[in-house]
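Trainee: Could we go through this model together? I'd like to know what stands behind the words we use for it.

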Amino acid sequence: MGALSFDQSGQGEFEMTLADVQNLAINLGYVKASVPASKPLAARATMGPFFDQYGVKAFSTFKQKFFQEPLVPISPGGVPMKSKAKEEVKEVKAVVVVKPEDIPPVSQYEELLGKFKDLKWRIISRPGGATMKPTDWYRLEACSQQASAGDNETEKPMWAAHGGLDFNGRESWDQWAALKGKSKDDAKQEFCRVWAEAHADPKANFRMY
């Protein structure tokens, strides 16, 4: 990944280091004038005032805020960003209409099945440090499960290993259960249709970088 950019904020989680944020702060002007440019980033960046502009006190909380909210560059002396009220945002799936000719033939099912998990899906933050993928990821996963195992006969999960609500597992369960009664062949056809819908709405589903 190249230099950290505010354009990446609010797009979910990715690898970010303290050095990335220090470099971001220096480029905005949060730098100790008396420290030579040859010195390490940690010695040059004034992180306290930088973090104050975003209503946080440490790298860990800035990183979480960066992943969850769209942020804008704020230079020294600028107007601090107001903290966004904490609330759980339910992912709403927009209706996407695709043309029949844009839906891959079911003969490509096995090929698409091998590809869908490796696509650059967005990562969506949830309360308690949990993360999810977009709804279409779970719809594709559900179609593949219905096609291979039939109806969902498992118990709906509640808690994740970290102790919080299992958002990821519960969405997987819900999407699979919604296909109850669908034949394996129909599930494969549904997979191909959802594949087309996911690619017809790239902003909602895939990372832009």
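Trainee: What makes the largest nonpolar core a core, and which residues touch the most other members?

Mentor: A nonpolar core is a set of buried Ala, Val, Leu, Ile, Met, Phe, Trp, Tyr and Cys residues joined through side-chain atoms within 4.5 Å, where buried means under 20% relative accessible area with a 1.4 Å probe, protein chains only. The largest has 22 residues, and Leu-112, Phe-116, Trp-121, Trp-137, Leu-140, Phe-191 and Trp-195 touch the most other members. At least two residues each come from α5 (109-113), α6, α7 and α8 (184-200); helices are DSSP runs of H or I with at least four residues, numbered from the N terminus. Apart from this core lies another, of 21 residues, including Val-21 and Phe-50.

Mentor: Keep in mind that this is a predicted model: local features need pLDDT of at least 70, side-chain atom pairs count only at pLDDT 80 or more, and totals for chains, interfaces and linings use all residues. Residues are numbered from 1 along each chain as its sequence is written, and side-chain values use heavy atoms, leaving out hydrogens and water.

Trainee: Why is Trp-159 called exposed?

Mentor: Exposed means over 50% relative accessible area. Trp-159 has 59%, so Trp-159 counts as exposed. Trp-159 sits in the loop between α6 (135-149) and α7 (167-177).
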